[in-house]
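Biologist: Can you walk me through this one? I'll ask as we go.
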Amino acid sequence: WVDRKPIYRKVIPFSGHTQTINHEISDINNVIKITGWFTDLSKDYTIPHVSVSTNYVLEAFVNGSGIQINAGSSWSGKELSGYIILEYTKTTDSPQP
């Protein structure tokens, strides 16, 4: 990474709509990337997902000790499940030579 710290990756399962999920990582320094995959049981989608209709958006971001997932109103009534992939550096690591 640009500060020469190692990058870690954690895959976190989720189900449901707008929510905050505890990522259980106590020493995040920088979030490098947050991506993922989810399904509504009929199609597969990547995260972030943005459709022509903003009501079909699904986004995820780190909010303190959790990952905030926001789903647009058109997802209500659909069963959503998937995985968030979080790449990050740790405050406890020193830059590598």
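Modeller: Start with a hairpin: β3 and β4 form it, with four residues between them. In its turn, Leu41 has a positive phi of about 75 degrees. Keep in mind that this is a predicted model.

Biologist: In which sense do β3 and β4 pair, and over how many bridges?

Modeller: The pairing is antiparallel, over four bridges.

Biologist: And which residue in β4 is the bridge partner of Thr39?

Modeller: Asp44 is the partner of Thr39.

Biologist: Switching to aromatics. How many aromatic pairs are there?

Modeller: Six aromatic pairs are present in the structure. One of them is Trp37 with Tyr83, a stacked pair at 6.2 Å centre to centre and 25 degrees between the planes.

Biologist: Where do Trp37 and Tyr83 sit in the chain?

Modeller: Trp37 is in strand β3, residues 28–39, and Tyr83 is in strand β7, residues 81–90. The two are 46 residues apart, and the pair links distant parts of the chain.

Biologist: What is the geometry between Tyr56 and Trp75?

Modeller: That pair is edge-to-face, with 5.0 Å between the centres and 90 degrees between the planes. The pair links distant parts of the chain, 19 residues apart: Tyr56 is in the loop between β4 (44–47) and β5 (58–63), and Trp75 is in the loop between β6 (66–71) and β7.

Biologist: How accessible is Tyr56, and how accessible is Trp75?

Modeller: Tyr56 is at 29% relative accessibility, so it counts as partly exposed. Trp75 is at 0%, so it counts as buried.

Biologist: Which aromatic cluster do they belong to?

Modeller: One cluster formed by Phe38, Tyr45, Tyr56 and Trp75.

Biologist: Which residue lies over the face of Tyr8?

Modeller: Lys90 does, at 4.2 Å from the ring centre.

Biologist: Take Ile84. Where is it found, and what does it touch?

Modeller: Ile84 is in strand β7. Beyond four places in sequence, its contacts include Val11, Phe14, Ile34, Ile47, Ala60, Ile67 and Ile69. Ile84 counts as buried because its relative accessible area is 0%.

Biologist: How far apart are Ile84 and Val11, in sequence and in space?

Modeller: They are 73 residues apart in sequence and 5.7 Å apart in space, C-alpha to C-alpha.

Biologist: Last one, His23. Where is it found?

Modeller: In the loop between β2 (19–22) and β3.

Biologist: Is His23 buried or exposed?

Modeller: His23 is buried, because its relative accessibility of 1% falls under the 20% cut-off.

Biologist: What does His23 touch?

Modeller: Not counting residues up to four places away in sequence, His23 touches Lys10, Ile12, Ile28, Val62, Gly64, Ser65, Gly66, Ile67 and Leu86.

Technical notes. Residues are numbered from 1 along each chain as its sequence is written. This is a predicted model: local features need pLDDT of at least 70, side-chain atom pairs count only at pLDDT 80 or more; totals for chains, interfaces and linings use all residues. Side-chain values use heavy atoms; hydrogens and water are left out. Rings of Phe, Tyr and Trp (its six-membered ring) pair if their centres lie within 6.5 Å; planes under 30 degrees apart count as stacked, over 60 as edge-to-face and the rest as tilted. Buried means under 20% relative accessible area, exposed over 50%, partly exposed in between (1.4 Å probe, protein chains only). A charge sits over a ring if NZ of Lys or CZ of Arg is within 6 Å of the ring centre and within 35 degrees of the ring normal. Contact means heavy atoms within 4.5 Å. Two strands pair if DSSP finds at least two bridges between them.
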